[in-house]
Amino acid sequence: MAVRYVAETKTFILETKHSSYVMAVSRYGNLLHMYYGARIPDTDLDYLLTFQDRGFSPNPNEAGNDRTFSLDFLPQEFSTSRNGDYRNPSVELIWGEGGAAFSGRVAGYEVRPGAERIDGMPALWAASGEKVDTLEITLEDPVSQAEVKLAYVVFEEKDVIARSVKLVNRGQKELRLERLMSATVDFRTSDYDLIYFTGRHAMERELRRIPVWDGVHSIGSGRGASSHQYNPFAIICEKECGEDQGECWGFSLVYSGNFIIEAEKDQYKQLRVHAGINPQNFSFLLEPGEEFQAPQAVLAWSGTGLTGLSHIYHRIFRENLCRSPYRKKSRPILLNSWEAAYFDFDDEKILHIASEAADMGVELFVLDDGWFGKRDNDSAGLGDWTVNRDKIKIGIGRMSRKIHEMGMQFGLWIEPEMVSEDSELYRRHPDWCLREPGRPAVRGRYQLVLDLSRRDVCDYLISTMNGLLEKAEIEYVKWDMNRSIAEAWSALLDEKRQGEVLHRYMLGLYYVMDQVILKHPEIIFCGCSGGGGRFDPAMLYYQPQIWCSDNTDAVNRLKIQYGTSFAYPISSMEAHVSVCPNHITGRSVPFSTRGITAMDGMFGYELDPTKLTPEEKEMCREQIRFYKKYYKTIMDGDYYRLSSPYENQYFTAWQHVSQDQKKSLVSIVVTDKEGNDAQRFLKLRGLKEDAFYRIEGWRGKYSGKILMNAGIPVPFELGEYEGIQLGLKMI
Ligand code: GLA
């Protein structure tokens, strides 16, 4: 059993293959966090708690005159405010007469097999027969009558513990929740680094590694989406932790809305980490008997460095997150019309592009923005999901048939959550968008946000989207969301419930996705929010892949995809070859390098094939052939970051290794070149030490050991922005 309770020591032990997570009940019933790290045999970790009389660290009343017991320094599993702990709390609430303390004591626990669904929100699920157990611990507070249920889903084989929290109002009066963290982990010391991923539109998930420092370092989003600016994933690691050594802990939130991840180093040099819904612009009113469910946080520990941690997340997100059968099925190579035509097309132009794409070996043609309503530019049409007959005279049904006749599948772009003021939908329902009372709405890319906290709006979207998907034969849908949400007020909600709007928006969105995406398992859905502005596990629950960034510059993509790879599997990142000079950065990079970078993901094209030279078209055919040859290794293999674009100015390299270690693909892109340069070497990883490999196009055979210890010479002749792919095969 992955979950144990040891009654003598009042200790809860969660065990995965390589890690242990231990909690214990204090002498006054508080739930203390004892340990999270390498798997241990111990059942009593009491010796790790030290008790001192510390100035200005108050003592709970039940401790009597014992000045050594203070919640100000004890490591807690679910910390609360107004009881002498001054670190940021897991919960903040106001109940009954305005009291705000919550003093939860362990009142019981239950262990159940499997992983349960979380109300209204995506969460990890267990495959049938998989060794997964759930522990639920109940904390009761007789005064506030708030009851807290802490859930721990233990994926034993996969080294993952997924946590979530539910708060129930058991009292007779209203309770207002102001903060509820999904996971809190207290560390006894703080000699760690914090790694997080930051960015902006067209430059997402840049890696930052900083020492944990006194005070609170908080990352998060207040934009109504998980955001380009910060990803809901962070790592705490030992100072000496690298790709293949050292301890590290991952925190990933399965949520697509406003979130925070906080790392707080306290006065006693301890560290507290929180992950949950951002308390800014959030409050939730619970009437007697009502409950609030916080999203799930996926925790993992690795003792073998950052690669080990990434492998844990890649595996669980590949196998236990996405609902689509396409999580395992092979996905077609696509060409997307956006950078080929933007809004400037008609059916003839699109069919011309499509037939050239088919000639290149493309398997799926995606018609991006501009095909519906009066959508000639981005100022109109969102909300009117019927074909623009001025542009697509033959209609979507016939367009789809013609694409199929070319031997390709057909995909469409939609942006269901938005409305243009210049649209039929807005003229009919101006009250359907988010705005502040008495003020005109804030525009973003000229568009307004539909109020998905309203059930009527969600139901309208469900019937409109399902109607659209049923009308034409569509195998792929790109679901976009192209602005940050600014307002948090809904016309239908009561005054005292306005703090709920942004979370209710997310619940509404998940409800719509449940009813549209999960009802069409035959369609591949691709997530998008101006590229990677909503690249999070909750979106990956619905969509097996997400457009990684609007930035298709192959050199910038080295950083974007590198950062993304820490938590997210390669099978989730959509990456395309586009033209040069790049439309966003103006940089020119060889065609082959653009292919190499885009093959580090779900591969495709984002260009007008009618404008390619015959040589370029031939290169596309070759790229498609090559990608297909390594498709399984890329999609399901283990991923190794060989050389970081942040630390190595000269080249970036990565490696895909098949699960059986028989096949591997090494990719290198040169990012800087000096005259009469040094010969650089690259150590490979993930191979079988005592097996021998052949490198495609090279003479000789080499042991895994030599390739991983001495490495391979990076081909000297590669110039700046040139790259190479090396296929390895075990013999
Ligand atoms: C977003 C997407 C792009 C494209 C445009 C269309 O920016 O990220 O790929 O679909 O919208 O408007």
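This report walks through a predicted model of a protein chain with a ligand, from its overall build to its backbone details.

**The chain as a whole**

The protein chain holds 12 helices and 38 strands. Its radius of gyration is 27 Å, close to the 27 Å that the globule rule gives for 731 residues, so the chain is as compact as a globular protein of that length. Taken along the principal axes, the box filled by its C-alpha atoms is roughly 85 × 70 × 50 Å. Buried residues make up 64% of the 731 in the protein chain. If we look at contacts between residues at least 6 apart in sequence, 69% of them link residues at least 24 apart. The accessible surface of the protein chain amounts to about 26800 Å², and carbon and sulfur atoms account for 48% of that.

**Around the ligand**

Let us turn to the ligand. Its shell has 13 residues, of which Asp-368, Asp-369, Lys-478, Gly-531 and Asp-550 come nearest.

| Residue (side chain) | Ligand atom | Distance |
|---|---|---|
| Asp-368 | oxygen | 2.6 Å |
| Trp-547 | oxygen | 3.3 Å |
| Asp-550 | oxygen | 2.4 Å |

On its own, the ligand has 300 Å² of accessible area, and the protein covers 96% of this.

**Backbone details worth a look**

Most residues other than glycine have a negative phi, and most peptide bonds are trans.

The peptide bond between Cys-580 and Pro-581 is cis, with omega at about -5°. Pro-581 sits in the loop that runs between strand E29 (573-577) and helix H10 (591-598).

Lys-10 is not a glycine, yet its phi is positive, near 50°. You will find Lys-10 in the loop between strand E1 (3-6) and strand E2 (11-15).

With a relative accessibility of 29%, Arg-445 is partly exposed.

Definitions and conventions
Residues numbered from 1 in each chain as written. Predicted model: local features only at pLDDT ≥ 70, side-chain atom pairs only at ≥ 80, totals over all residues. Heavy atoms only, no water. Helix = DSSP H or I, 4+ residues; strand = E, 2+ residues; numbered from the N terminus. Buried < 20%, exposed > 50% of the residue type's maximum accessible area, 1.4 Å probe, protein only. Near = heavy atom within 4 Å. Polar contact = N/O pair within 3.5 Å; in protein donor to acceptor, adjacent residues only side chain to side chain. Areas by Shrake-Rupley, 256 points an atom, 1.4 Å probe, with all protein chains shown as cover. Rg over C-alpha atoms; globule rule 2.2 N^0.38 Å. Contact = heavy atoms within 4.5 Å.
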